[in-house]
Amino acid sequence: MKKRKISIIGSTGSIGTQALEVIEKLQDKFEIIALAGGHNRELLDAQAKKFNPRYTVLGEQGLEKICSDKENDIILVACSGKIGLRPTLTAIRNGIDIALANKETLVMAGDIVMAEAKKHGVKIIPVDSEHCAIHQCIKDLSQVDKLIITASGGPFLHKSVDEMKNATVKEALAHPKWNMGKKITVDSATLMNKGLEIIEAHHLFEFDYDDIEVVVHPQSIVHSAIEYKDGSVIAQLGLPSMHIPIQYAISYPERFEGIKSKSFSFSEIARLDFEKPDFDKFPCVKLAYKAGRIGGTMTTCLNAANEEAVFAFLNGKIKLYNIYEIVEKMMSEHNVIQNPTIDEIFAVDKEIREKTIKYLTGLHQ
Ligand code: MG
């Protein structure tokens, strides 16, 4: 079989390094065209030595070069933040399939990205465990009634609102199931991460927000499910390891044994629990539904205000619950642009970040 040619944007990050662990086991299946790292030159050099890509790139410059390189069969977009958006669009316009782990791409510009993908016949395969699960469950989208996204509930699931309000950074970073970067771990504590995933699911699978449901599932074994018209529910299960969805996304439609370390055992897991999410305790989910339903630049506003507020929380400047209050305030004051261009999206992103930072500074004077 011909090797699949792949590049990784964000190879030195959490998803990127795990993707290389997957590829290490599948060296006869993949050939690496390029690796792009954020700022960790040492790690990028070590990766280059081990995996022999045709070239490496450090920082934002050079991403466009990788994404215009038609040698690629697929590009894994695993960087975090808005820098993933423009290169992803470039790759799509060059007909290169995308394994997508970057959230901002769909949260900020889902309409544009999905329309371009359709136009150029490009596949967008989600890496995030929930969307990857739904992708695996769906055979015929037109027969599906509802998407059911699972949420672990984060570290505050069974804590009181007061405990959550006074949570320290350390408590918020103690995620029970997944080991991830700091920003996404705080988003998991507020459930904003689930909110962003709802918006992504809306774009990826073209589903109405009314037909996307969230259910809390603390064991993180059922990664998400879909309900067909006739009431049949199909779920995807697996141990909570990002290697599995990463490998699925870069190998699709094939499946390989790859990095799988052990077989799944229902009897070892013994029980699976589900409960209704408490949106009064986790109001960020409601904000995300609201932003998604309004559409246009409102999801960019939600994302930008949230990210700045999370940074302020991580720096000890605000409490966990202030994140919600700040995002709500920025959303209530935002004049939405419907059907925005990419430039308008970036302008709104910049404006909201500056406004949020200014507001946060005002709080401390
Ligand atoms: Mg997820």
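A residue counts as buried under 20% relative accessible area, exposed over 50% and partly exposed in between, with a 1.4 Å probe and protein chains only. At 43% relative accessibility, Phe 274 therefore falls into the partly exposed class. The model looked at here is predicted, so local features need pLDDT of at least 70 and side-chain atom pairs count only at pLDDT 80 or more, while totals for chains, interfaces and linings use all residues. Residues are numbered from 1 along each chain as its sequence is written, and side-chain values use heavy atoms, leaving out hydrogens and water.

Now for the metal. The magnesium ion has Asp 128 (OD), Glu 130 (OE) and Glu 197 (OE) as its protein donors, 2.1 to 2.3 Å away. Donors are N, O and S atoms within 2.8 Å of the metal (3.2 Å for Na, K and Ca), and sites may look incomplete, as water is not among the atoms. Along the sequence, the spacing of these donor residues reads D-x1-E-x66-E. Asp 128 sits in the loop between β6 (124-126) and α6 (129-137), and Glu 197 in helix α10, 69 residues apart. Helices (H or I, at least four residues) and strands (E, at least two) are DSSP runs, numbered from the N terminus. Both Asp 128 and Glu 197 are buried.

On to the rings: there are four aromatic pairs. Rings of Phe, Tyr and Trp (its six-membered ring) pair if their centres lie within 6.5 Å; planes under 30 degrees apart are stacked, over 60 edge-to-face and the rest tilted. Ring pairs also join Tyr 209, Phe 279 and Tyr 289 into a cluster. Tyr 209 and Tyr 289 are both buried.
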